[in-house]
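Subject: Structure for you to look at

Hello,

Here is the structure I said I would pass on. Please open it next to this message and follow along.

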Amino acid sequence: MALSNTKADLLQGTLDLLILKALTLGPLHGWGVSKRIRQMSREALEVNQGSLYPAMHRLEDRGFITAEWKISDEGRQAKFYRLTTAGRKQFAEEQERWKAFAAAVGHTLRADS
Amino acid sequence: MNIATRLKRRLRSLFRRDDVESDLSEEIALHLDMETEDLVRQGRSREAARREARIRLGGIDKTKEDCRDARGIRLLENLLRDARYGIRGLAHTPGFTAVLSLAVGIGANTAIFSVVNGVLLKPLPFPNADRLLSVSHSAAGVNVDDLASAPFLYFTEREQNRVFEDVALWSVSSAGVTGNGEPEQVTRLLATAGFLKVLRVKPAIGRSFSEKEDTPAGRPTVILMHGYWQRRFGGDPAVIGKRIIVNEESSEIIGVMPAGFRFLNFSRLDMILPYRIDRGRVAAGGYGVRGIARLKPGITVEQAMSDVRRLIGIAKSSWPLPPGISRQQLERLRLGPRLAPLKQSVVGDVGKTLWILMGTIGMVLLIACANVANLLMVRTTGRQQELTVRAALGASWPRIAGELLTESAVLALAGALVGLGVAYGSLRLVLALGANNLPRLEEIAIDRSVLVFTAGVSILAGLLFGLMPVARYARPRLAEALRLGGRSVSANRERLHVRNVLVVVQVALALVLLIGAGLMIRTFQELNSVSTGFTGRDELQAVRVYISNRVAPDPDAAVRREQEVRDKIAALPGVTAAAFASYIPLQGDVITQHGLTPEGLREGDRPRVRDYKLISPEYIATMGIRLAAGRNIDWTDVYQKRPVVMISENLARLEWGGASRALGKRLRTGAAVDQWREIVGIVADVHDTGVREPANTMIYYPALVERIFSQPLWATRSVGFVIRSSRTGTDGFIADVRKAVSSVNPVIPLTNVRTVRDGFEASMSRTSFSLVMLGIAAGMALLLGVIGIYGIISYAVSQRTREVGIRIALGAKASEVRALFVRQGLVLACAGLVAGLAVAGALTRWMSSLLYEVSPLDLPTWVGVSVVLILAAAAASYVPSRRATGVDPVDALRAE
């Protein structure tokens, strides 16, 4: 794998959440999403790019995000994704669920130690 | 998210797959570029960065595939693929082939039947139309079959008959409408007061003519046709009571006919005017006017005939004689009644063509049925064991027969349904092809009676092919079937025998149709090679012009005007010659005729009716008609009214025994008061009426004729111009001609703008229509016949695999084995050929009315078609025979 040791692997099922989060800040193309996730995690999280695009297409198919072709800052035609209303709602729910999950994992770890 | 949008997106991604795919490729490419750039910025070499980017993405194709999966396209794509396999599989099943053959057969029959129904079977669109007759008369004494009617006959018949509710006269001619707006030429129907009563039609608005208005004393009135009313008056109901100037006579509009009103085959009638015959001046002549009548209920056509015969006798003695006609001459005509259902005049002679087509297409259906029967036989053979066991276990044979028939019924029903679709499509084709020569075109449709026909035909077809396997298999032959374990050799042979007979029948019918099509092709060739008597038809333009009384008050002035128009046209750029005549060849104009009296006609010999036309001196040269002897007429002949004529070679031969003997002789019309004229020129024969019709026996008069038809001076006011130019048929040229005509006088209307080539093609259109229809039918027949042979040889190959294996094992060559099967196919084809030749010999004579200068037993056609059929049969047997030689002897022997 190309992941550096300093970077954590993504937990199964969190990729969707991260994509939605990245898009809450505004429309982005695919590479932009991967870049923003890296930045937001302060370079700690490296998205597996091979899973990124299928995940985004899946989200688009389910209507959480929508895409259109626009000119990027780099001056190229690029497919820009943005959140739909359904996507915002989904993000809020997923976020709550993740927080609850993270808290539960934290509790468990503390109990173990 | 809502299901509908989701479905829409899926469909979009499915049907616009190329878009989605290229979107995906582009998205991935962009990603790789940006990732590479980013890595380059971090200090990698471009090549290393590119590689790293690809690795991070984890394989382009894999990613794409995952994306597609994520979209859920897969599912639908798989579904479509399954459906495609399903249809392909179905196409290989006998059921599909059967339904398809049936659909073609039933569909074609439905289409042709809807034409037959609309044209021949449906009553005319008038109440009690079966009682409408066309009233005409024959003149056996001068060999005229149809003399139409005449005012003196009409008045007698109307006033003294015992069989008709009413009688009317009518004729169609053109007239000029002037006054408001551009002058225009219209087609008018002249009719006596009883006309609409006979048809039982009333104007949609306004009223019909009164008896008073149908006399010269009555006020001029006119009833407009719906189309003209729409065109000229925008459908304004307030038009009643307004006036319109028809042939310089101001007439009051008293009515408008209903939109659907059509009379006979006149595609464009503009108005009806009363005939206004002056009863006081009627004499026992003036034939050529058409009559119609409505029979009283319960009266037969025969009864009406005998009454009209009685009335002719009365009419001959109760009217004054026309000038120059003696009582003996009138008697010599031998007038007789000629009554026929009005529908016959509408349908004309197209009936025979249509019935022949119907018969042909019926044969195609028979061939299709034979194919289906064959397929069913194969299928039932496969089930024989099962059927036998069931019969043994107590299933009654009617029960089994019923089951087999149900299958056929389902097939027939499916064939009928698909066939209706085929019919809708092919009817459009038929109508497009037949538009020029099918009467009652607007009444042809797939209506209820056509659907009943289709249902009937389908049931018959179903029974036909359904009963064959039933007859063969439903009645159990228990002992035999069980003993042989279903592999009854003798039974198989017998069944194969039935299938062979079916194939022979197919081949025979296909041969009949092919011969029919071949004969039509030969006819078409013959017609194309007919010498029309004039040259360069592609360069000839025809137009018609009407010189009214106002433009030129007398015949002399009319001809001068006509010459003026001719000169203007001749001076147009690109025009090499121009002329005028009372009519131009092949334009569908009425050919005018009169009785011809050659000088020295023996007393007792009767004058024969011959064609005539009035021509300008340039006519012969412009048309490129060969001058065979003597001289052409010139303008001096015309204006000095010299008594000279030219005649066609065939007329010279018939009346005087040759061109040289006719020159210098004199001739006259039937009327003794008319002038004798000298024959000064003989020209080649011309086909004026049509390419199929014999060349006309023609008398050419100068444009201005003195003392003819009991008139002091005669010219034609409706005159056809023929122009030779390389610009013929172009819009610019016609505009130039129009300008030239109106420069003589702006009120002269221009009509019947048509090239002579169009006329030539129109006169061949019946032949081309029959040719195309028969060609299609024969093509289908050949195809179905070939499929039949192919099927039976394929079956034979599969049945004889073991034998072939043994032969090959014993050293038979591949070519010998192939020859074995090809020979079998050829034996069948030859049997079909012989049967077909016999059937064709009996049937093709029905075709002779469609043929031209080709015998129904035309040897080249028969030989050619037979060769084609044998070659097709050889090919159809060769293909499956190749499969036999691919047999591995070991496999073949193990197969049993």
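How do α26(B) and α29(B) run relative to each other: roughly parallel or roughly antiparallel? Before the answer, please note that this is a predicted model.

The axes of these two helices, α26(B) and α29(B), come within 8 Å and cross at roughly 30 degrees. Angles under 35 degrees count as roughly parallel, and α26(B) and α29(B) are therefore roughly parallel to each other. Their crossing is right-handed. On the side of α26(B), the contact is made by Leu782(B), Val786(B), Ile789(B), Tyr790(B), Ile793(B), Ser794(B) and Val797(B). On the side of α29(B), the residues include Ala872(B), Ala873(B), Ala876(B), Pro880(B) and Arg883(B). Sorted by class, this contact has twelve nonpolar, three polar and one charged residues.

Next, the cores. The largest nonpolar core has 95 residues, and those with the most contacts inside it are Val507(B), Leu511(B) and Ala781(B).

Now the contact between the chains. It takes 18 residues from chain A and 22 residues from chain B. On the side of chain A, α2 (30-40), α3 (49-61) and β3 (77-83) each supply at least two residues. The most comes from α3(A), with seven residues. By class, the side of chain A that touches chain B has six nonpolar, seven polar and five charged residues.

Last, one residue of chain A. Met40(A) lies in helix α2 of that chain. Is Met40(A) buried, partly exposed or exposed? A residue is buried if 20 or more other C-beta atoms lie within 10 Å of its own, and exposed if 12 or fewer. Met40(A) has 14 other C-beta atoms within 10 Å, so Met40(A) is partly exposed. Met40(A) and Leu18(A) are 22 residues apart in sequence, and their C-alpha atoms are 9.6 Å apart in space.

Regards

Key. Residues are numbered from 1 along each chain as its sequence is written. Chains are lettered from A and ligands numbered from 1 in the order in which they are written. This is a predicted model: local features need pLDDT of at least 70, side-chain atom pairs count only at pLDDT 80 or more; totals for chains, interfaces and linings use all residues. Two residues are in contact if their C-beta atoms, placed from the backbone, lie within 7 Å. Helices (H or I, at least four residues) and strands (E, at least two) are DSSP runs, numbered from the N terminus. Ala, Val, Leu, Ile, Met, Phe, Trp, Tyr, Cys and Pro count as nonpolar, Asp, Glu, Lys and Arg as charged, and the others, Gly among them, as polar. A nonpolar core is a set of buried Ala, Val, Leu, Ile, Met, Phe, Trp, Tyr and Cys residues joined through C-beta atoms within 7 Å. Axes are lines fitted to C-alpha atoms, for helices over the stretch in contact, and angles run from 0 to 180 degrees between N-to-C directions. Angles under 35 degrees count as roughly parallel, over 145 as roughly antiparallel, 65 to 115 as roughly perpendicular and the rest as oblique. A crossing is left-handed if the near helix is turned anticlockwise from the far one by less than a right angle, and right-handed if clockwise.
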